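Work through the exercises below with the model open. Each task is followed by a stepwise solution.

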Amino acid sequence: MSLTDRTVSVSGRAGGGDVLARLLTQQRTLVMGVLNVTPDSFSDGGRFLEPPLAIAHARRLAAEGADILDIGAESTRPYGGAVAVPLDEERDRLEPILPAVIALGVPVSIDTLKAKVAAWALGLGAAIVNDVWGLQHDPDMAGVVAEHGVPVVIMHNRETADASIDIIADVTAFFARSLDIAARAGIARERIVLDPGIGFGKTPQQSIACIARLDAWRGFGLPLLVGASRKRFIHSVVPSEPAERLGGSLAAHLLAVENGAAIIRVHDVAATVQALAVAAAIRRAR
Ligand code: HH2
């Protein structure tokens, strides 16, 4: 498939809603760089809690070519064990950092489960909401997204992994429920990105299946996002610590792109941008 095939026609309107449309018209895979302002994220917890370090890291991700900066102040706990963060604490972690990150000029997505945090961040100028429970956790989230007219990443999630289920069918049904919630709230379909949620409520084999069968969700006609960066399924193939999973992350993301991903969410922006550029050059020469 060509890069142009991945471009989804989107008619945005002035303001935040235009961001996704503008990014997608670039006709190349988009890179979302991860900024975790948390003590407990699975791969980089505690590294960027201090505002100067977080802002410097955001600047670095932007300089390396990130198209979107995804900032989160509560670990989404793909592998359990982290402590839930109260609303005030999540906002307190973001407050000294978010305005400076937004000022870098790269669209910022706010990775949060809480509608109040999303609304506050959007008020400051965040451009996208990244909801790892696909509008199905906080009943006010869809309303906030609709009211601000911004794009939203709807990610599949499950409380627990169940090796006996058909994960592709489960993700499809979840997406359908989320899209129904979005439609009822008045979120324009053109502002929705779908993400199978690699590592969330899935066995390693199911995470691998989601990348291998990504095209199962092309029928929704929406851009697909994949975030395989440093995730544990890589360890299931080649035993490794999170910081040692760059090779596996690149392999997973290149195959995700072949299978239809328009956006990939990564910790290692420079290496990913290089890998994508080389893959695109080879594809053009076919
Ligand atoms: N993965 C993580 C967090 N947010 N959002 C989307 N849309 N897709 C993902 O795959 C995804 C996500 C987990 O990675 P990380 O942010 O590094 O870890 P933590 O949640 O522990 O901070």
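**Exercise 1: the nonpolar cores**

Which residues have the most contacts inside the largest nonpolar core?

Solution. This is a predicted model.
- Step 1. The largest nonpolar core holds 71 residues. Those with the most contacts inside it are Leu35, Ile71, Val129, Leu135, Ile192, Leu194 and Trp217.
- Step 2. Helix 7 (residues 167-185) gives the most to this core: seven residues.
- Step 3. Take Ile192, leaving aside its neighbours within four places in sequence. Its contacts are Leu20, Val152, Ile154, Leu179, Ala182, Ile187, Leu222 and Pro223.
- Step 4. A second, separate core has 14 residues, including Val19, Leu23, Val193 and Ala262.

**Exercise 2: Lys114 and Glu90**

Find which parts of the chain the salt bridge between Lys114 and Glu90 ties together.

Solution.
- Step 1. The two side chains, Lys114 and Glu90, meet at 2.4 Å, N to O.
- Step 2. Lys114 sits in the loop between strand 3 (108-111) and helix 5 (115-124), and Glu90 in helix 3 (residues 87-94), so the pair links parts 24 residues apart in sequence.
- Step 3. Is Lys114 buried or exposed? Buried means under 20%. Lys114 has 17% relative accessibility, so it counts as buried. Glu90, at 0%, also counts as buried.

**Exercise 3: Arg230 and Asp268**

Locate both partners of this salt bridge.

Solution.
- Step 1. The closest N and O atoms of Arg230 and Asp268 are 3.0 Å apart.
- Step 2. Arg230 lies in the loop between strand 7 (224-226) and helix 9 (232-237). Asp268 lies in the loop between strand 8 (261-266) and helix 11 (269-284). The pair therefore ties together parts 38 residues apart in sequence.
- Step 3. Arg230 is buried, with a relative accessible area of 10%.

Note on methods: Residues are numbered from 1 along each chain as its sequence is written. This is a predicted model: local features need pLDDT of at least 70, side-chain atom pairs count only at pLDDT 80 or more; totals for chains, interfaces and linings use all residues. Side-chain values use heavy atoms; hydrogens and water are left out. A nonpolar core is a set of buried Ala, Val, Leu, Ile, Met, Phe, Trp, Tyr and Cys residues joined through side-chain atoms within 4.5 Å. Buried means under 20% relative accessible area, exposed over 50%, partly exposed in between (1.4 Å probe, protein chains only). Helices (H or I, at least four residues) and strands (E, at least two) are DSSP runs, numbered from the N terminus. Contact means heavy atoms within 4.5 Å. A salt bridge is a side-chain nitrogen of Lys or Arg within 4 Å of a carboxyl oxygen of Asp or Glu.
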